[in-house]
Amino acid sequence: MSAFPKIPVFLKPFMPAVVAVIGSIPWLRTKASIWAINRAAYSTTLRPRALTLLADYTSWRSLTDREYSARHLPPATPEYMAGLPSESEVLKLFRRTEEKKDTDTSVMFMFFAQWFVDSFLATDWDDFRKNHSNHEIDLCEIYGLTKAQTDMLRAKHGGRLKVQNINGEEYPPYYFESKDGTLVVKQEFDGLHDAATMTRILTGVSYDRKKKFYAVGLAHGNSTLGNSIMNIVWVREHNRLAAMLENKHPGWDDERLFETARNIAIVLAIKLAVEEYIKHIAPWDFPIKMVDLIADRERWNRTNWCAVEFNLLYRWHMLAPETVGAGDTALTPADFLTNNKLIEDEGIESLIAWCSRARAGKIGLFNTPTYLMIPSPALNGFSVESRTIRLSREAQLKSYNDYRVAYSMKPFTKWEQLNKDPKVIEPLKELYGDIKNLEWYVGIFAEDYPRELMMGDLLTTMVANDAFTQLLSNPLLAANVYNKDTFTQEGLDEIENTKCFADIVKRNAKDPSRVYCNFAVR
Ligand code: HEM
């Protein structure tokens, strides 16, 4: 059962109007959202997963030790694995030949996606079976994952996070300081990130760029323009919320102010993920609503646990363009990778506007950007894509058709059911022979899809299943928690009144009238 029902072609021209009507009637919007969420949530078996990457059998440890990634399906047989084409042949299926752009997705969406997934998908560098996130949507991008990390990032007054002032605006503080001409981690941030991870991340990064690294919750927090911009906006938003609470509750101590602002900020992030980000992924921008207490009533409400399949299917690297925008002012990878100086020089408003007007790449085979296909010393000589293919093999995933069946869909018997474009299916036929041999990681990106979608049927269904059931089971959205004791009335109002990410950017901008922020290119 796919996440969205098939709409007959003759009805498609009417769908934008139908969707607009649904969005304009609050009770209908809620009903339609519950239907859509549950359709995706019940499309396959429910958590807990019987297996994780710890072992191929179920044990008490495998059911409780969330250090290990879960898996949706048991491993494939050694015979199936042995029959697969070489990893280098598969890699060629991802190489961008000519850049294909998505119909209406902006680079701002792409950066939001990257920043968002970084918080819950974090494969351990030394042991591919492990994910060192806590599987929650918790804004660890700005708060860190542990209490020790959070403490280092907190100002310890007024519930605020530490910031510095640059050109009259708040930015996260720098992580390094210069001592005798070398950059060393500031003492206050000693231990914020694992030293080996930082050494790896900083391979090849110049002194000038390293100098401007911000101290934020995750080690990858400075890796792209988008990650830095998102962190700047959310740190400012946290501090704005803390100031608002301090004003309303003058008797509250730093701890209460910090924790309450954090509660509100996390729910804002979830709300925008559902109501703006997932809405953009949905056909005709279906106005999906964050239904606050839905998880309390549903069987899918079980402890979050990211699966290896979720990690792999979420590597939407094809969204990344070769350059952001076109012409003389286009941003090249050298501009948008690890470059906080550009942000400080330009200000976030103009960069957000630039990224909102630039088109992202189209999700699919033959469209992974050149710079993510190049072997890198920081990745032990692998490229981002070759490491991904390696992980899919290490996890011994079953075939594409096996996953279709697991998500209540009919298996394909002909290549043309997957994609009609000979440029896509001819190389696949050559590598896999029969479609029943097609491996899942390749299959989900080979799927054809209509204009109103951003990805194929199985990929949409799988991402919707894991996303909804893990976003909406957040403890802050539970019936006995989602109230004014947890958020304050002002906090609930903030959540209610925030409709899109642009709202947050605007209320934290020097000049809100200059803000243009959109996940869709109009
Ligand atoms: C310019 C944009 C991007 C760059 C430079 C980039 C770079 C990287 C790098 C270097 C890795 C680590 C690979 C490894 O350790 O094996 C990675 C992993 C990953 N990327 Fe991207 N990425 C970008 C955009 C995106 C986008 C748009 C998404 C989709 C939402 C995405 C999702 C992921 C995921 C899920 C992982 C695996 C994380 C983990 O398990 O540790 N990335 N990316």
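Close-up 1. With 1% relative accessibility, Tyr-277 is classed as buried. Phe-109 counts as buried too, at 0% relative accessibility. Keep in mind that this is a predicted model. A search of the whole structure turns up 28 aromatic pairs. One of them joins Phe-109 and Tyr-277, which are stacked with 4.8 Å centre to centre and 15° between the planes. This pair ties together distant parts of the chain: Phe-109 belongs to helix α6 (residues 107-117) and Tyr-277 to helix α12 (residues 254-281), 168 residues apart.

**Close-up 2. Two tryptophans, Trp-115 and Trp-234, as a stacked pair.** Here the ring centres are 5.9 Å apart and the planes sit at 10°, so Trp-115 and Trp-234 count as stacked. Again the pair links distant parts of the chain, with Trp-115 in helix α6 and Trp-234 in helix α11 (residues 225-248), 119 residues apart. Are these two tryptophans, Trp-115 and Trp-234, buried or exposed? Both are buried.

**Close-up 3. Lys-210 over Phe-176.** Now for a charge and a ring. The charged end of Lys-210 is placed over the Phe-176 ring, 5.1 Å from the ring's centre.

**Close-up 4. Arg-262 over Tyr-143.** In this view an arginine meets a tyrosine: Arg-262 lies over the face of Tyr-143, and the distance to the ring centre is 5.0 Å.

Methods. Residues numbered from 1 in each chain as written. Predicted model: local features only at pLDDT ≥ 70, side-chain atom pairs only at ≥ 80, totals over all residues. Heavy atoms only, no water. Phe/Tyr/Trp six-rings, centres within 6.5 Å; stacked < 30°, edge-to-face > 60°. Helix = DSSP H or I, 4+ residues; strand = E, 2+ residues; numbered from the N terminus. Buried < 20%, exposed > 50% of the residue type's maximum accessible area, 1.4 Å probe, protein only. Lys NZ or Arg CZ within 6 Å of the ring centre and 35° of its normal.
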